[in-house]
Amino acid sequence: MKGAAIGIVETSSIAKGYEVADAVLKRADVEIVVNRTICPGKYMVLISGDVDAVNASIETGVKIGAHTVVDYFIIPNVHPEVFPAISGVTHLPEIKALGVIEGFSVASVIEAADAAVKAAAVQLITVHLAMAIGGKGFVSLTGEVGDVEAAVAAGAAVIESKGLLVEKIVIPSPRKEIIDEFI
(Lines give C-alpha, C1' and ligand atoms only; values in the text may rest on other atoms or scores of the structure.)
Protein backbone atom coordinates (compact mmCIF):
# COMPACT_ATOMS: atom_id res chain seq x y z
CA MET A 1 0.00 0.00 0.00
CA LYS A 2 1.42 3.31 -1.09
CA GLY A 3 0.01 5.59 1.59
CA ALA A 4 -1.87 5.58 4.82
CA ALA A 5 -5.22 6.57 3.28
CA ILE A 6 -7.75 4.55 1.32
CA GLY A 7 -10.89 5.57 -0.49
CA ILE A 8 -13.64 3.87 -2.47
CA VAL A 9 -16.36 4.79 -4.90
CA GLU A 10 -19.07 2.16 -5.39
CA THR A 11 -21.46 2.69 -8.31
CA SER A 12 -24.67 1.08 -9.50
CA SER A 13 -23.42 1.27 -13.10
CA ILE A 14 -20.58 -0.82 -14.48
CA ALA A 15 -20.00 1.60 -17.37
CA LYS A 16 -19.88 4.58 -15.02
CA GLY A 17 -17.58 2.57 -12.75
CA TYR A 18 -14.97 2.34 -15.50
CA GLU A 19 -15.21 6.08 -16.04
CA VAL A 20 -14.86 6.73 -12.30
CA ALA A 21 -11.80 4.44 -12.09
CA ASP A 22 -10.11 6.29 -14.95
CA ALA A 23 -10.91 9.68 -13.43
CA VAL A 24 -9.61 8.87 -9.93
CA LEU A 25 -6.33 7.61 -11.35
CA LYS A 26 -5.90 10.68 -13.53
CA ARG A 27 -6.79 13.13 -10.73
CA ALA A 28 -3.93 12.40 -8.30
CA ASP A 29 -1.04 10.05 -7.50
CA VAL A 30 -2.99 7.08 -6.14
CA GLU A 31 -2.85 3.32 -6.65
CA ILE A 32 -5.66 0.90 -7.37
CA VAL A 33 -6.19 -1.66 -4.62
CA VAL A 34 -9.34 -3.25 -6.09
CA ASN A 35 -11.03 -2.28 -9.35
CA ARG A 36 -13.81 -4.61 -10.49
CA THR A 37 -17.43 -5.38 -11.05
CA ILE A 38 -19.34 -6.66 -8.03
CA CYS A 39 -22.73 -8.22 -7.51
CA PRO A 40 -25.47 -7.30 -8.40
CA GLY A 41 -24.22 -5.37 -11.42
CA LYS A 42 -22.28 -2.76 -9.45
CA TYR A 43 -18.70 -1.53 -9.74
CA MET A 44 -16.11 -0.61 -7.13
CA VAL A 45 -12.82 1.22 -7.26
CA LEU A 46 -10.73 1.12 -4.07
CA ILE A 47 -7.59 3.26 -4.03
CA SER A 48 -4.73 4.05 -1.68
CA GLY A 49 -2.23 6.86 -1.37
CA ASP A 50 -1.44 9.95 0.61
CA VAL A 51 -4.42 11.55 2.33
CA ASP A 52 -4.59 14.62 0.07
CA ALA A 53 -4.30 12.54 -3.11
CA VAL A 54 -7.01 10.09 -1.99
CA ASN A 55 -9.29 12.98 -0.97
CA ALA A 56 -8.89 14.67 -4.35
CA SER A 57 -9.37 11.45 -6.30
CA ILE A 58 -12.46 10.32 -4.40
CA GLU A 59 -13.99 13.79 -4.67
CA THR A 60 -13.52 13.57 -8.44
CA GLY A 61 -14.88 10.02 -8.54
CA VAL A 62 -18.04 10.98 -6.66
CA LYS A 63 -18.57 13.92 -9.01
CA ILE A 64 -18.08 11.76 -12.13
CA GLY A 65 -20.21 8.93 -10.67
CA ALA A 66 -23.02 11.40 -9.92
CA HIS A 67 -26.40 9.67 -9.51
CA THR A 68 -24.84 6.17 -9.85
CA VAL A 69 -22.81 6.46 -6.62
CA VAL A 70 -24.11 3.91 -4.12
CA ASP A 71 -21.56 4.67 -1.42
CA TYR A 72 -18.08 6.08 -0.93
CA PHE A 73 -15.56 6.85 1.80
CA ILE A 74 -12.11 8.10 2.63
CA ILE A 75 -10.25 6.62 5.60
CA PRO A 76 -7.17 8.74 6.35
CA ASN A 77 -5.35 6.24 8.61
CA VAL A 78 -6.61 2.79 7.75
CA HIS A 79 -5.75 0.05 10.24
CA PRO A 80 -3.05 -2.31 8.85
CA GLU A 81 -5.24 -5.41 9.41
CA VAL A 82 -7.85 -4.22 6.89
CA PHE A 83 -5.91 -4.97 3.67
CA PRO A 84 -4.97 -8.58 4.49
CA ALA A 85 -8.58 -9.24 5.53
CA ILE A 86 -9.87 -7.87 2.21
CA SER A 87 -7.38 -9.86 0.16
CA GLY A 88 -8.03 -13.07 2.08
CA VAL A 89 -4.44 -13.52 3.25
CA THR A 90 -5.12 -13.02 6.94
CA HIS A 91 -3.62 -15.74 9.08
CA LEU A 92 -6.59 -17.36 10.77
CA PRO A 93 -6.19 -16.60 14.46
CA GLU A 94 -7.38 -18.75 17.30
CA ILE A 95 -11.12 -18.19 17.29
CA LYS A 96 -12.43 -17.13 20.65
CA ALA A 97 -15.65 -15.18 20.25
CA LEU A 98 -16.88 -14.59 16.69
CA GLY A 99 -18.33 -11.29 15.53
CA VAL A 100 -19.95 -10.67 12.15
CA ILE A 101 -21.17 -7.34 10.77
CA GLU A 102 -23.17 -7.39 7.52
CA GLY A 103 -24.01 -4.42 5.33
CA PHE A 104 -25.65 -3.51 2.04
CA SER A 105 -22.59 -1.79 0.56
CA VAL A 106 -18.95 -2.71 0.11
CA ALA A 107 -17.83 0.73 1.22
CA SER A 108 -19.73 0.57 4.51
CA VAL A 109 -18.32 -2.86 5.34
CA ILE A 110 -14.71 -1.72 4.85
CA GLU A 111 -15.40 1.31 7.03
CA ALA A 112 -16.94 -0.98 9.65
CA ALA A 113 -13.90 -3.27 9.60
CA ASP A 114 -11.57 -0.32 10.18
CA ALA A 115 -13.73 1.09 12.99
CA ALA A 116 -14.10 -2.32 14.64
CA VAL A 117 -10.40 -3.17 14.74
CA LYS A 118 -9.58 0.32 16.03
CA ALA A 119 -12.24 0.12 18.77
CA ALA A 120 -11.07 -3.00 20.62
CA ALA A 121 -8.40 -5.71 20.82
CA VAL A 122 -9.76 -7.95 18.05
CA GLN A 123 -8.35 -9.59 14.94
CA LEU A 124 -10.03 -9.39 11.57
CA ILE A 125 -10.68 -12.75 9.94
CA THR A 126 -12.10 -11.63 6.62
CA VAL A 127 -13.73 -8.73 4.83
CA HIS A 128 -15.97 -10.27 2.16
CA LEU A 129 -16.89 -7.85 -0.60
CA ALA A 130 -20.06 -8.42 -2.59
CA MET A 131 -19.14 -11.50 -4.62
CA ALA A 132 -21.82 -14.19 -4.63
CA ILE A 133 -23.79 -12.53 -1.82
CA GLY A 134 -26.10 -10.19 -3.69
CA GLY A 135 -23.90 -7.10 -3.50
CA LYS A 136 -23.70 -7.10 0.27
CA GLY A 137 -20.53 -7.41 2.30
CA PHE A 138 -19.55 -8.63 5.71
CA VAL A 139 -16.65 -8.50 8.11
CA SER A 140 -15.80 -11.25 10.57
CA LEU A 141 -13.52 -10.85 13.57
CA THR A 142 -12.44 -12.60 16.74
CA GLY A 143 -11.15 -11.90 20.23
CA GLU A 144 -12.35 -12.00 23.80
CA VAL A 145 -16.14 -11.71 24.13
CA GLY A 146 -16.15 -8.17 25.56
CA ASP A 147 -13.74 -6.93 22.91
CA VAL A 148 -15.75 -8.54 20.12
CA GLU A 149 -18.95 -6.98 21.48
CA ALA A 150 -17.30 -3.54 21.56
CA ALA A 151 -15.79 -3.95 18.09
CA VAL A 152 -19.05 -5.17 16.56
CA ALA A 153 -20.94 -2.28 18.15
CA ALA A 154 -18.42 0.25 16.78
CA GLY A 155 -18.37 -1.26 13.29
CA ALA A 156 -22.13 -1.70 13.11
CA ALA A 157 -22.64 1.93 14.17
CA VAL A 158 -20.72 3.10 11.09
CA ILE A 159 -22.97 1.10 8.76
CA GLU A 160 -26.12 1.93 10.70
CA SER A 161 -25.41 5.66 10.40
CA LYS A 162 -25.73 5.23 6.62
CA GLY A 163 -28.91 3.16 6.91
CA LEU A 164 -27.12 0.15 5.39
CA LEU A 165 -26.84 -2.30 8.30
CA VAL A 166 -28.23 -5.77 7.57
CA GLU A 167 -27.27 -7.53 10.81
CA LYS A 168 -24.62 -7.84 13.52
CA ILE A 169 -23.94 -10.84 15.74
CA VAL A 170 -21.56 -12.04 18.43
CA ILE A 171 -21.16 -15.75 19.15
CA PRO A 172 -19.23 -16.17 22.44
CA SER A 173 -17.91 -19.68 21.76
CA PRO A 174 -18.61 -20.76 18.17
CA ARG A 175 -18.62 -24.40 17.17
CA LYS A 176 -15.64 -25.64 15.14
CA GLU A 177 -17.90 -26.46 12.19
CA ILE A 178 -18.79 -22.76 11.89
CA ILE A 179 -15.12 -21.74 11.91
CA ASP A 180 -14.26 -24.26 9.17
CA GLU A 181 -16.09 -21.90 6.75
CA PHE A 182 -13.18 -19.43 7.12
CA ILE A 183 -10.41 -21.95 6.36
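At what angle do helix 4 (residues 106–119) and helix 5 (residues 145–161) pack, and how far apart are their axes? The angle is about 150 degrees, and the axes lie 7 Å apart. This is a predicted model in which local features need pLDDT of at least 70 and side-chain atom pairs count only at pLDDT 80 or more, while totals for chains, interfaces and linings use all residues. Residues are numbered from 1 along each chain as its sequence is written, and side-chain values use heavy atoms, with hydrogens and water left out.

**View 1. Helix 4 packs against helix 5.** Axes are lines fitted to C-alpha atoms, for helices over the stretch in contact, and angles run from 0 to 180 degrees between N-to-C directions. Helices (H or I, at least four residues) and strands (E, at least two) are DSSP runs, numbered from the N terminus. The crossing is right-handed; that is, the near helix is turned clockwise from the far one by less than a right angle. Ser108, Val109, Glu111, Ala112, Ala115, Ala116 and Ala119 of helix 4 meet Ala150, Ala151, Ala154, Gly155, Val158 and Ile159 of helix 5. Contact means heavy atoms within 4.5 Å. The residues of this contact comprise 10 nonpolar, two polar and one charged. Here Ala, Val, Leu, Ile, Met, Phe, Trp, Tyr, Cys and Pro count as nonpolar, Asp, Glu, Lys and Arg as charged, and the others, Gly among them, as polar.

**View 2. Helix 4 is largely enclosed by the rest of the structure.** The reason is that 12 of its 14 residues are buried. Buried means under 20% relative accessible area, exposed over 50%, and partly exposed in between (1.4 Å probe, protein chains only). Among the buried residues are Val106, Ile110, Asp114 and Val117. Asp114 and Pro80 are 34 residues apart in sequence, yet 8.8 Å apart in space, C-alpha to C-alpha. Pro80 sits in the loop between strand 4 and helix 3 (82–87). At 63% relative accessibility, Pro80 counts as exposed.

**View 3. Helix 1 and its start.** A side-chain oxygen of Ser13 comes within 3.4 Å of the backbone nitrogen of Ala15 at the start of helix 1. This is a polar contact (a pair of N or O atoms within 3.5 Å; within protein, one must be able to donate a hydrogen and the other to accept it, and residues adjacent in sequence count only if both atoms are side-chain atoms). Gly17, Val20, Ala21, Ala23 and Val24 are buried in helix 1. The buried residues of helix 1 pack against strand 1, strand 2, strand 3 and helix 2.

View 4. The buried residues of helix 2 include Ala53, Val54, Ile58 and Gly65. They pack against strand 1 (5–11), helix 1 (14–27), strand 3 (42–49) and strand 4 (69–75). Most residues other than glycine have a negative phi. At 43% relative accessibility, Ala66 counts as partly exposed.

**View 5. Thr68 lies in the loop between helix 2 and strand 4.** Thr68 counts as buried at 7% relative accessibility. A polar atom of its side chain lies 2.6 Å from the backbone oxygen of Gly65. Leaving aside neighbours within four places in sequence, Thr68 is in contact with Glu10, Thr11, Ser12, Ser13 and Lys16.

**View 6. A cis peptide bond joins Cys39 and Pro40.** Omega is about -15 degrees. Pro40 belongs to the loop between strand 2 (31–38) and strand 3.
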